[in-house]
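I opened the model to go through its confidence, its sheet and its helix packing. My notes follow in that order.

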Amino acid sequence: MLAISIVPSKAAAQAGEASVVEEIVITARRADAPIWEITVGDGSLILVGAISGVPRDLPWRPEALEAATRRSDRILFPQIGQASPADVMRLIWRSRTITRLPDGTTTADYLPPEVQERLEVVMEGDSDRWRRESLVMLGLNLITDKTGHQRRRTRGAVEVIEDAARQADVPVRRVGVLRGDALVENLITQPPETYLACIEAAVSAAEAGPEGAARRIEAWRGRRVPDVLAEPLDEALNLCWPSGDPDVAPLLRAQWAEAIEAALDEPGVTLAVAQLRLLAEPGGVLDMLEARGFDIVGPRWRAE
């Protein structure tokens, strides 16, 4: 009797892998979030554009991202800060430097008169303490208190993918670490003038109010990427600390560029979730990949 052994050919195996990759990509695209795909050889990179402040009760389709996460080979997550007890103690010890303007000065000593006037209107009815707040804290407080941006009870793309990866035991990598001592040193030493652009953007976001925050969320869910980036709130989040810090911002972008470069050389599917602006801003990750000749499949990210 003749024994016959059937062994899948290399071409058939590759076709099977390609089919799995395509299924993951199609599944991910069903989510209400901006998603791009870059295919290189036998690997595929899926970029998910995340934003902060997505309300937990917002009706979108996170289950598609959960399914894609479970079938991916690896996940790339944004940077994480690491602070030692000494960093925390130093932050507490120098809290006045971080939270208050230099003695004898107010916001009017630093802001252009037009911005100060708009700020006066936005802060009408509040205690005058804001006039002596450091511009770092004032920018953060404007975003938290005056724009409708939610920091609690949110469940955006980062949280969805993080939970799914943990449950499915998918390997996770952070693209970098921000050292606590460097962040504290940065907060202590940067002059107030560093954050003038932050305050102007935060005032614009406060003027837009909760309606502006809602437009940003709806644009994200509708994959209208240029509309998300055009919202004053999104600009303020990019210009205020830490993302807008002149020392921190280049580090964030350099770490992501390095991580994306490494992911392009890996087989299988890499799912990377990054802040939408970092991906889609002029000169960002998507522009970098396009300039190198990669075919990028996904929503338009530049304004016409």
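**Confidence**

I started with pLDDT, the predictor's confidence in each residue, from 0 to 100. The protein chain averages 86, and 91% of the residues score at least 70. This is a predicted model, in which local features need pLDDT of at least 70 and side-chain atom pairs count only at pLDDT 80 or more, while totals for chains, interfaces and linings use all residues. Residues are numbered from 1 along each chain as its sequence is written, and side-chain values use heavy atoms, with hydrogens and water left out.

Where is confidence lowest and where is it highest? I found the lowest mean, 60, in helix H1 (residues 10-29). The highest, 98, is in helix H5 (residues 113-122). Helices (H or I, at least four residues) and strands (E, at least two) are DSSP runs, numbered from the N terminus.

**Sheet**

Next I traced the strands, where two strands pair if DSSP finds at least two bridges between them. Six strands form an open, mixed sheet in the order E5-E3-E7-E2-E1-E8. Its edges are strand E5 (172-174) and strand E8 (296-297), each pairing on one side only.

I looked up the neighbours of strand E2 (residues 43-50). E2 runs parallel to strand E7 (residues 268-275) over eight bridges. Here serine 44 has valine 269 of E7 as its bridge partner. E2 also runs antiparallel to strand E1 (residues 35-40), through six bridges. The hairpin of E1 and E2 has two residues between the strands. Glycine 41 in that hairpin takes a positive phi near 60°.

Which residues stand against isoleucine 38? Leucine 45 is its bridge partner in E2. Isoleucine 296 stands opposite it in E8. E1 and E8 are antiparallel and joined by two bridges.

**Helix packing**

Then I took the helix pairs. Axes are lines fitted to C-alpha atoms, for helices over the stretch in contact, and angles run from 0 to 180 degrees between N-to-C directions.

H5 packs on helix H9 (residues 196-221) at about 40°, with the axes 10 Å apart. That makes H5 oblique to H9; angles under 35 degrees count as roughly parallel, over 145 as roughly antiparallel, 65 to 115 as roughly perpendicular and the rest as oblique. The contact includes Val115 and Leu119 of H5 and Ile199 and Val203 of H9. By class it has six nonpolar, one polar and three charged residues. Ala, Val, Leu, Ile, Met, Phe, Trp, Tyr, Cys and Pro count as nonpolar, Asp, Glu, Lys and Arg as charged, and the others, Gly among them, as polar.

H9 also packs on helix H11 (residues 232-239), at about 140° with the axes 6 Å apart. That makes H9 oblique to H11. Among the contact residues are Ala201 and Ala205 of H9 and Leu233 and Leu237 of H11. I noted 11 nonpolar, one polar and three charged residues there.

Last, I checked helix H2 (residues 62-71) against helix H7 (residues 157-168). Their axes come within 9 Å and cross at roughly 40°. That makes H2 oblique to H7. Leu65 of H2 and Ile161 of H7 are among the residues in contact. The classes here are eight nonpolar, one polar and two charged.

Terms used. Contact = heavy atoms within 4.5 Å.
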